[in-house]
Amino acid sequence: MGCSVDEIQEPVLLIDEHGVKHCSLEFVREFFTKADKDKSGEVDIDELVSLLMTLGMEINHNTGRDIAATIQIADDNENQTLEFEEFKQFLYSFLNAPANDLPSILFYVGDRDESNTIDEAELFKILKKVGAKASEEQVRELMKVLKGDKEGIDFPTFRNLLEKLGVI
Ligand SMILES: [Ca+2]
Ligand SMILES: [Ca+2]
């Protein structure tokens, strides 16, 4: 049995040793189905906002803008709506990134496997999204230096990298 909207609370969240919140896939699916009122297989901003409001979230000008910005970053195929995979990344970012903090939003939306690090493939996607000017070769070299023998880079390193590349 899944969770209903009224039951969405802490228990569906797993908080890891870094304090990062993760949703179970079952929960994301349930949440997606609830949000996708017209059953089109994608969630638009109106559907999302109305669901968040039914969850008791107050949506003002600022939160609305923040949600819109996060949707834009999560919207991989740029059709202005969120398909399931995109929705999953939206939710992950929404749970973890502080409002209006672009580097954090990019980090969590971009961290597809929720590893709390950004690997090379994830980084390329993010940089493409923000239209970074660096070449693939430059980024690959930078990444090699930054991650050392680890799988990817952590948030402070990621933020630094965005600054170096002039993205933020
Ligand atoms: Ca989309
Ligand atoms: Ca990752």
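Analyst: Start with residues 23-58: the end C-alpha atoms lie 21 Å apart, and the span is 58% helix and 3% strand. Helices are DSSP runs of H or I with at least four residues, strands runs of E with at least two, numbered from the N terminus. This is a predicted model: local features need pLDDT of at least 70, side-chain atom pairs need 80 or more, and totals for chains, interfaces and linings use all residues. Residues count from 1 along each chain as written, with chains lettered from A and ligands numbered from 1 in written order.

User: What does UniProt call residues 23-58?
Analyst: The unreviewed entry annotates "domain: EF-hand" there, and also on 62-97. Such annotations may be inferred rather than shown by experiment.

User: And how far apart are the ends of 62-97?
Analyst: The end C-alpha atoms of 62-97 are 15 Å apart, and that span is 72% helix and 0% strand.

User: What angle do H1 and H4 pack at?
Analyst: About 110°, with axes 10 Å apart; H1 is residues 25-35 and H4 is 84-96. Axes are lines fitted to C-alpha atoms over the stretch in contact, and angles run from 0 to 180 degrees between N-to-C directions. H1 and H4 are therefore roughly perpendicular, a label for 65 to 115 degrees.

User: Which residues make the contact?
Analyst: Val 28, Phe 31 and Phe 32 from H1 meet Phe 84, Phe 87, Lys 88 and Leu 91 from H4. Contact means C-beta atoms, placed from the backbone, within 7 Å.

User: Switching topic. What's the average pLDDT?
Analyst: The protein averages 89, and 93% of the residues score at least 70. pLDDT is the predictor's confidence in each residue, from 0 to 100.

User: Where does pLDDT stay under 50?
Analyst: Over residues 1-5. The model has nine contacts for them beyond four places in sequence.

Conventions. Two residues are in contact if their C-beta atoms, placed from the backbone, lie within 7 Å. Angles under 35 degrees count as roughly parallel, over 145 as roughly antiparallel, 65 to 115 as roughly perpendicular and the rest as oblique.
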